[in-house]
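Dear colleague,

I am handing over the structure below, and my notes on a helix pair and a pocket follow it.

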Amino acid sequence: MTILQLKLLTPDLLPAVVELDRLCLGGLWNQSGYQRELNSANSDLVIWTHPTYGQPLSGLQTISVEVPQTPPPPVIGIGCLWAIVDEAHITLLAIHPDYRRLGLGSNLLRALLQLAQQRGLSHATLEVKASNDIALSLYQKFGFQIAGRRNKYYADTGEDALILWLSGLPSLI
């Protein structure tokens with residue numbers, strides 16, 4: 001068993017995050033993009049990592065999992081939110097393919113929503129590929145509802161994005 005912890009991203013882990021981004025998201029953001037988010041007072045970047053990495057995040061979860069890789073990668077999951085007026089815009093949520101179906105995505109989403117609540121935000125929104133049934137199911141379990149569609153939103157595939165919306169953040173967590 002290996003212990004994983006939810007932590008805030010630190011600059012020393014940027015190369016590992018970029019590698020995870022390439023693996024899970026096809027290279028959505030590069031290192032300077034993640035650095036820009038780290039520098040922004042309006043962004044929160046949360047990662048699943050080992051206890052020796054990252055900046056502690058009080059009140060968030062530690063989990064023990066069987067690791068399919070030895071040694072496991074330094075960053076196993078990444079989530080980001082932007083605080084915009086009274087809403088959290090969840091810009092990304094990704095879990096390493098070898099670590100999916102362990103509850104890490106659900107706990108990462110919960111952590112992002114808790115951070116949004118701590119910021120005093122009252123709503124959350126995100127976009128998800130219309131074909132991503134697994135992610136859509138996760139978001140709907142948290143109360144997100146489909147609010148619209150962005151046609152041909154994803155440049156790599158031309159696929160539509162569903163716009164999801166969650167109201168009443170304080171009552172959720």
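Which residues in H1 meet which residues in H2? This is a predicted model, in which local features need pLDDT of at least 70 and side-chain atom pairs count only at pLDDT 80 or more, while totals for chains, interfaces and linings use all residues. Residues are numbered from 1 along each chain as its sequence is written, and side-chain values use heavy atoms, without hydrogens or water.

On the H1 side, Leu 14, Pro 15, Val 17, Val 18 and Asp 21 meet Gln 31, Tyr 34, Gln 35 and Leu 38 of H2, contact meaning heavy atoms within 4.5 Å. The axes of H1 (residues 14-25) and H2 (residues 31-39) come within 9 Å and cross at roughly 120°, the axes being lines fitted to C-alpha atoms over the stretch in contact, with angles from 0 to 180 degrees between N-to-C directions. Helices here are DSSP runs (H or I, at least four residues) and strands likewise (E, at least two), numbered from the N terminus.

The largest pocket holds about 1200 Å³ of space; a pocket is an open set of points on a 1 Å grid over the protein atoms alone, where a 1.4 Å probe fits, with protein on both sides within 12 Å along at least five of seven lines, and lining residues have an atom within 4 Å of a point. Its volume is the space filled by probe spheres set on the points, which are joined across faces, edges and corners. Of its 36 lining residues, Leu 25, Leu 93, Asn 132, Ala 135 and Tyr 139 are the closest to the centre. Strand E6 gives the largest share of this lining, seven residues, and H1 is among the elements that give two or more.

Best regards
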